[in-house]
Amino acid sequence: MSSFSSTGTDLITDRLVLRQWSADEIAAVVGDGRSARWAEDFPAEGDRVIAGFIAEHVDASSEHAHRQIVERDSGLVVGSLSLLWPPSDGAVEIGYGVVASRRGRGYAPEATRALVAYALGSPDVHTVYANVELSNPASMRVLEKSGLRHWSGDGTTARYRTVTPEPDQR
């Protein structure tokens with residue numbers, strides 16, 4: 001599904017490093033601080049929400065959970081993505097966001113593909129899913145480019161997922 005390698009806890013794609021949040025970075029985002037290692041428009045609102053969630057939930061710092069999206073070339077943090085860990089009945093939800101200055105470069109699908117593949121490599125996970133508002137077609141395209149398929153929805157939300165093949169189909 002995706003090409004990535006791991007170094008310690010980092011996941012590395014062609015153009016990105018998916019790195020766990022440090023305690024200092026969480027504190028800086030929650031406290032409206034700045035870092036020279038962040039893109040000018042990082043953190044976005046979604047990043048603030050994730051940092052606040054991590055700060056309030058000790059178990060949210062799982063190696064599988066929340067990561068920053070870092071451009072390999074510049075070393076700047078340009079977004080974040082999350083697996084809402086632990087899985088529930090083998091399914092885990094994914095979410096992502098890339099700051100406006102870096103959108104349109106394919107970073108969100110690249111990062112999402114890698115994190116989906118990483119999640120599906122866990123023996124505890126057979127399904128990765130995401131819910132997206134129908135008013136957000138760009139996010140639907142990210143999910144499709146990431147290998148997730150539309151499987152249900154209602155009048156306001158589309159549900160996407162990918163499932164590992166049954167053992168006899170691998």
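Residues are numbered from 1 along each chain as its sequence is written, and side-chain values use heavy atoms, without hydrogens or water. In this predicted model, local features need pLDDT of at least 70 and side-chain atom pairs pLDDT 80 or more, while totals for chains, interfaces and linings use all residues.

Two aromatic pairs are present (ring centres within 6.5 Å, using the six-membered ring of Trp; planes under 30 degrees apart are stacked, over 60 edge-to-face, the rest tilted). Trp21 and Phe42 form a tilted pair, at 6.2 Å centre to centre and 40° between the planes. Trp21 lies in the loop between β3 (16-20) and α1, and Phe42 in the loop between α1 and α2 (45-56). They are 21 residues apart. Helices (H or I, at least four residues) and strands (E, at least two) are DSSP runs, numbered from the N terminus. The rings of Trp38 and Phe42 have centres 5.3 Å apart and planes at 70°, so this pair is edge-to-face. Trp21, Trp38 and Phe42 make up one aromatic cluster. Both Trp38 and Phe42 are buried (under 20% relative accessible area, 1.4 Å probe, protein chains only; exposed is over 50%, partly exposed in between).

Ile26 belongs to helix α1 (residues 23-30). Ile26 counts as buried because its relative accessibility is 11%. Beyond neighbours within four places in sequence, Ile26 contacts Trp21, Ala51, Ile54 and Ala55 (heavy atoms within 4.5 Å).

Helix α3 is largely enclosed by the rest of the structure, because 13 of its 14 residues are buried.
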